[in-house]
Amino acid sequence: MANFDSIQQRETGLQPHLNSAQMTMIAIGGAIGTGLFMGSAFAIGFAGPSVLISYAIGAFIGLLLMGCLAEMTVAHPTSGSFGAYAEHYISPLAGFVVRYAYWGAVVLAVGMEVTAVGKYMAYWFPAVDQWVWVLLFSILLAAVNATSVKAFGQVEYWFSMVKVIAIVAFILIAAYVVFGTRPAGVGFDNYFVDGGFFPNGWWGTWVGVIVAIFSYLSLESIAIAAGEAQNPKQAVTRAFRSTVLRLVLFYLLSLALMLAIVPWSHASTDKSPFVKVMEILQIPGAAAALNFVVLLASLSAMNSQLYVTSRMMFSLSRGGYAPKRLSRLSKSGVPLGAIAVSCLGMAVAMVLNVFKPKESLELMMSIAMFGAMFAWFMVFVTHLFFRPRWQREHPGQKLEFRMWGFPVLTLIGALLMAGVIVTTLFTKEFHTTTLVGVPFLMVLVLVYALWYRKKVAP
């Protein structure tokens with residue numbers, strides 16, 4: 001089998017304009033969006049206050065994932081990322097399936113984010129059909145991505161900076177209310193009302209992990225962005241080390257304080273529970289201001305996800321697994337064809353908002369979830385293949401970044417992800433996730449066997 005350099009060589013042409021600060025914000029921008037501001041209410045419905053444990057378990061899996069990805073990415077920075085690693089270290093079939101599964105998942109995740117944008121805009125303009133906002137913001141962010149990676153990086157940096165500042169402000173205000181003013185009905189006693197800390201038992205807590213994993217989706221985007229980083233090895237290492245800690249603090253602190261202010265049974269799904277906190281606290285204009293922030297959060301996540309899914313399609317095209325025109329680059333080094341086809345999720349979101357506006361967000365989340373979880377599972381599996389083979393092929397050479405606790409922690413990550421995927425079969429809300437996802441994988445395997453196997457045969 002050829003060495004990995006041949007894969008990196010075929011994916012050249014993208015312009016290295018992203019610095020480590022922008023790469024960190026790309027990951028934060030993708031992971032702090034609808035999953036936190038809207039999906040958290042969904043998770044609370046399953047787990048109650050024990051959703052904190054759900055998100056902690058999700059963060060632990062995310063930490064293991066980032067360690068595995070960091071090791072492989074520092075060794076081989078490329079836009080194909082874990083899809084390219086699976087192709088080289090497991091098999092071309094594995095690379096084909098994981099890239100298309102991930103691409104499909106994130107395409108729908110983009111649609112989910114823009115669906116949430118429609119809901120946020122309804123806060124100010126309830127009389128306007130939500131599909132109008134879906135269309136408007138889809139065009140806007142597609143244009144940003146099509147301009148240049150430098151423009152994308154700058155827009156994403158400031159999008160993410162605004163919401164990071166807002167989340168920090170929320171944590172400070174909520175902490176002052178919980179620990180300082182302590183108005184009636186506010187306090188950690190709310191953790192133990194309406195059924196207690198585990199109102200739906202440990203099963204409810206574990207089901208909440210499904211939403212937590214989906215909330216953390218886009219942690220892996222740093223690895224994909226490495227192909228356009230100015231100094232990929234240094235930028236990836238710095239970004240990986242800082243991103244997980246920040247996300248854990250943002251998610252767990254903000255949720256812990258929010259649940260102390262709003263009893264879990266009152267967490268609403270028609271608006272962000274964070275906006276609901278501001279309404280309860282009756283801070284003038286705060287609810288509208290926070291709604292604006294969560295709007296920016298979804299736009300930021302959508303921007304980041306459109307970027308990573310277009311680069312995954314670029315990698316597929318350069319590998320011969322998609323039409324060549326999808327990897328053609330503009331003068332500014334942007335794969336316009338890959339961006340265009342990756343806007344399909346926005347089109348799906350607009351159709352759903354026209355015909356099923358109330359159920360659209362939940363439906364998009366359920367369908368998108370499988371491909372994302374499968375990709376995370378495959379990262380762990382690929383890492384199990386990567387480490388021993390890399391050591392055989394580079395005797396006496398040390399990896400610049402090493403995942404700790406190999407192979408035990410990598411195996412634990414794989415088993416936890418497999419458990420989360422299987423759990424979807426036993427939940428009413430996510431039952432369609434695996435029922436749709438597994439046949440989709442089977443179709444991908446069939447397409448590869450009939451169309452691509454001979455093309456890549458040695």
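Trainee: Buried residues make up what percentage of the 458 residues in the protein chain?

Mentor: This is a predicted model, in which local features need pLDDT of at least 70, side-chain atom pairs count only at pLDDT 80 or more, and totals for chains, interfaces and linings use all residues. Residues are numbered from 1 along each chain as its sequence is written, and side-chain values use heavy atoms, with hydrogens and water left out. Buried means under 20% relative accessible area, exposed over 50%, and partly exposed in between (1.4 Å probe, protein chains only). Of the 458 residues in the protein chain, the buried share is 59%.

Trainee: Is Glu228 buried or exposed?

Mentor: Glu228 sits in the loop between α11 (221-225) and α12 (232-261); helices are DSSP runs of H or I, at least four residues, numbered from the N terminus. Its relative accessibility is 0%, so Glu228 counts as buried.

Trainee: With which side chain does the side chain of Glu228 make a polar contact?

Mentor: A polar contact is a pair of N or O atoms within 3.5 Å; within protein, one must be able to donate a hydrogen and the other to accept it, and residues adjacent in sequence count only if both atoms are side-chain atoms. At 2.9 Å, the partner of the Glu228 side chain is that of Arg311.

Trainee: Where does Tyr123 lie?

Mentor: Tyr123 is partly exposed, with a relative accessible area of 30%. Its place is the loop between α7 (92-121) and α8.

Note on methods: Helix = DSSP H or I, 4+ residues; strand = E, 2+ residues; numbered from the N terminus.
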